[in-house]
Amino acid sequence: MAAGGKSFLADAGYGEQELDANSALMELDKGLRSGKLGEQCEAVVRFPRLFQKYPFPILINSAFLKLADVFRVGNNFLRLCVLKVTQQSEKHLEKILNVDEFVKRVFSVIHSNDPVARAITLRMLGSMASIIPERKNAHHSIRQSLDSHDNVEVEAAIFAAANFSAQSKDFAAGICNKISEMIQGLATPVDLKLKLIPILQHMHHDASLASSSRQLLQQLVTSYPSTKMVIVTLHTFTLLAASSLVDIPKQVQLLLQYLKNDPRKAVKRLAIQDLKLLANKMPHTWSRENIQALCESALHTPYDSLKLGMLSVLSTLSGTIAIKQYFSSAPGAAATTARSFDLVKLAQECCYHNNRGIAAHGVRILTNISASCQEKDLLPLEQDAVFGLESLLVLCSQDDSPGAQATLKITLTCMVKLVKCRPHLSQSVVESLLTQLHSAQDAARILMCHCLAAIAMQLPVLADGMLGDLMELYKVIGQSTTDKKQELLVSLATVIFVSSQKALSSEIKTVIKQQLENASNGWTAYRIARQASRMGNHDMARELYQSLLTQVASEHFYFWLNSLKEFSHAEQCLTGLQEDNYSSALSCIAEALKSYHKGIASLTAASTPLNPLSFQCGFVKLRIDLLQAFSQLICTCNSLKTSPPPAIATTIAMTSGNDLQRCGRISNQMKLSMEEFRNLAVRYGDLYQSSFDADSATLRNVELQQQSCLLISHAIEALILDPESANFQEYSSNGAAHVESEYERRMMSVFNHVLEEVESLNRKYAPVSYLHTACLCSAVIALLKVPLSFQRYFFQKLQSTSIKLALSPSPRNPAEPIAVQNNQQLALKVEGVVQHGSKPGLFRKIQSVCLNVSSVLQSKSGQDYKIPIDNMTNEMEQRVEPHNDYFSTQFLLNFVILGTHNITVESSVIDSNGIVWKTGPKTTIFVKSLEDPYSQQVRLQQQQGQPPSQQQQQRTAYSRF
């Protein structure tokens, strides 16, 4: 069970003893000063880890200056170590503050008599090109070293020239002629030419430079027809076109020409590889003729390896806009039937090819055509796609080699895609998968289960009749002894949960539990319980969590499992709700709340400083408050029976002019209830905004909870508080929206049903009658009867993003204020580092960081002067784009009022879609605003009744300037 920790404990070392930044740097400095070479090298290679841990400029600047000293005075091996550290820490280079000093220390070695030392220095300069792109002395040294007689030095100069060309337009323009002379010069050896040619890929800074480089490459490709030369030149040609963008269509034609006419396989392979690169980068630049030419080459080639390559390019293009251009720009009706669909002919021919890879690409092309092109004459293709997929499935499911598994993944992905856009094919696809499951290899079975679950999540196609097959298979797997058994038990259980989402029969539960007792370890049981929680099978989940409680290694895990058990029990209590029995509904909700309160106490105990479980706690607290609000609403509805409006209610309503008063006390209670639901909706919105790292299913789940709160508040308003102005248009959901899961499907149907009921009542009856209160109670029960889904982010964090802020000036002691004179402004510098987990940008990426600075006066000192309200507080906001995960900006703050001010800096992030996420952190510092000495002196003199002397006034006025 210890493996379970990875799912929800943070990546950081648990309880590791940390050194602060200065101590760590001093420790490494001690190593650098050591007399032993081994210790010096060890200290040097530990620097990247230091930069990773403390990525702020002050430390990085002093560390790089120390490394530059080692580079200057050390031997070549130490210089090589420093070079490797610099290359590894490339993204931290721009944080060096004293760039001149750093370059001066490194550059001094270029004048050495040792060519190896010069070569290492050149490579060092090349690695630093991003921070010194326009240093003329570095440019000059590279040009000089290209003429050196030492091979090592020339190769280093080529490396540096390539790096500087990528960064500096001036250098690229200046070196271009030199490079072309060397490439065309007879004295330059061929192997050196092969290394020089790739520099030309960076000549894309302006159109004339790119054009002259293309002409040179065109000459080279015709003048030097040897295989190596053609391969290097063509690849450089492609990279230059991909960077300069304007020449891509020409480049595609050139590559297709070489693919068709050049007899050498190596050249054809390179042409295919470069076409794939251009297909990925710019599919919209491919014309119909380009795709046609590629199809013809693929149809006529006798070599399977080349056919595979060409088909992989075509399958990449078939998933993009290029495929629509291919079919829409057919030259005429006569041609349409005969020649224009060579692509279709090729795909159909390849679907049943004896090479698995070729067959997979053929099937993928057919699937993509079926998915994106809706023309009538292309409709028969979907049946071809299904047959091709089924034959590949039979072929690959019997083979457990890595190649077969990769092909099977492509096949199953195509199946899911095809079923998504052609739902009428789902039945046959699912049946073929289920048939094949029995005879397949275990590795293939796991993938097929994932595919079945993905299809069943989108469409409820797994009928009860299929459950019997799945249960039989589950028993068979439970008795087998293969190494894939644990994984297979989880995958198959997931399919069973998805296919029977209404409720699990006791028979199914017994079978699953029996197999787990016989055959599984605790981690498998936990994963199955987790899937049950996601699918809403809470009774099964509760039993599994209960069985695992005694099998864990730490009390944090125990409390975590215990909280999950309590939450599952709470949700299980809500499944006993009945449509019209409101008193039993109250007792069910009370029982659920009891378990939820136990669970939240346990969940709080499971959190650690490194992993505070903030999303889980926030989600559960909101669920508790929502249940309490539902309970309160049912009680309020019941109060119409227990305390109906008094006889004089109508008179009160007429005299007060408030028509709602005739309903008695229920009107005020309903108003409070509506406010409560609106408040909950706002809090769900805040939880959504703070979950930057959550997957889309989790966010959709939070959104559905928010919508249920808004729905109930709208129903209260439309039925009771303001039936006249109720608007149902904005709340009606569009049926076209794609539903991702069974939970969402059921919630949406409840929303639509409740809205219809409310709308019909709103038109028929005036408030408040028993029909209105019954409608509200039924809405609450309908919402609670849909079993809650605990989505992935509740259990597992796949993406991890955090921001670390550093403010300067900052006090030595956090509680100590920074002193500022009230006639001066404080320049507050805010630096920050974005830290990622193992999968950065998996769900969303940070586009920019929004920094909000505000100050509040905490305590005044001195007299209370009349000061304009503008000077009382500071409120500023700036947006900065992180570069290499680092950002910095400055704020100018006024503190006119004497006293202690509290400055708060809060960061939030904006993703690539422009959505703002309140990720934090929030940092606070204190500033003490002091009276400036001259004002203080004047004030003291005024208090003592002495007019300030003219001489003194004059002197202080001068001294202020």
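In the predicted model, Gln458 counts as buried because its relative accessibility is 12%, and residues under 20% are classed in this way. The residue lies in helix H26, which spans residues 442–458. Leaving aside residues up to four places away in sequence, Gln458 touches Val416, Lys420, Glu740 and Arg745. Val419 is 39 residues from Gln458 in sequence, and the C-alpha atoms of the two residues are 8.9 Å apart in space.

Burial and contacts were also computed for the whole chain. Of its 961 residues, 51% count as buried. Among contacts between residues at least 6 apart in sequence, 74% join residues at least 24 apart.

The secondary structure of the chain consists of 42 helices and 9 strands. An open sheet is formed by 3 strands in the order S1-S3-S6, with antiparallel pairing. Strand S1 (801–808) and strand S6 (886–894) each have a single partner strand and stand at the edges, so one side of each is left without a neighbour in the sheet. On average, neighbouring strands of this sheet are turned by 25 degrees against each other, direction ignored.

Within the sheet, S1 and strand S3 (residues 825–836) run antiparallel and are joined by 8 bridges. Lys804 stands opposite Val833 in S3.

Methods. Residues are numbered from 1 along each chain as its sequence is written. This is a predicted model: local features need pLDDT of at least 70, side-chain atom pairs count only at pLDDT 80 or more; totals for chains, interfaces and linings use all residues. Side-chain values use heavy atoms; hydrogens and water are left out. Two strands pair if DSSP finds at least two bridges between them. Helices (H or I, at least four residues) and strands (E, at least two) are DSSP runs, numbered from the N terminus. Axes are lines fitted to C-alpha atoms, for helices over the stretch in contact, and angles run from 0 to 180 degrees between N-to-C directions. Buried means under 20% relative accessible area, exposed over 50%, partly exposed in between (1.4 Å probe, protein chains only). Contact means heavy atoms within 4.5 Å.
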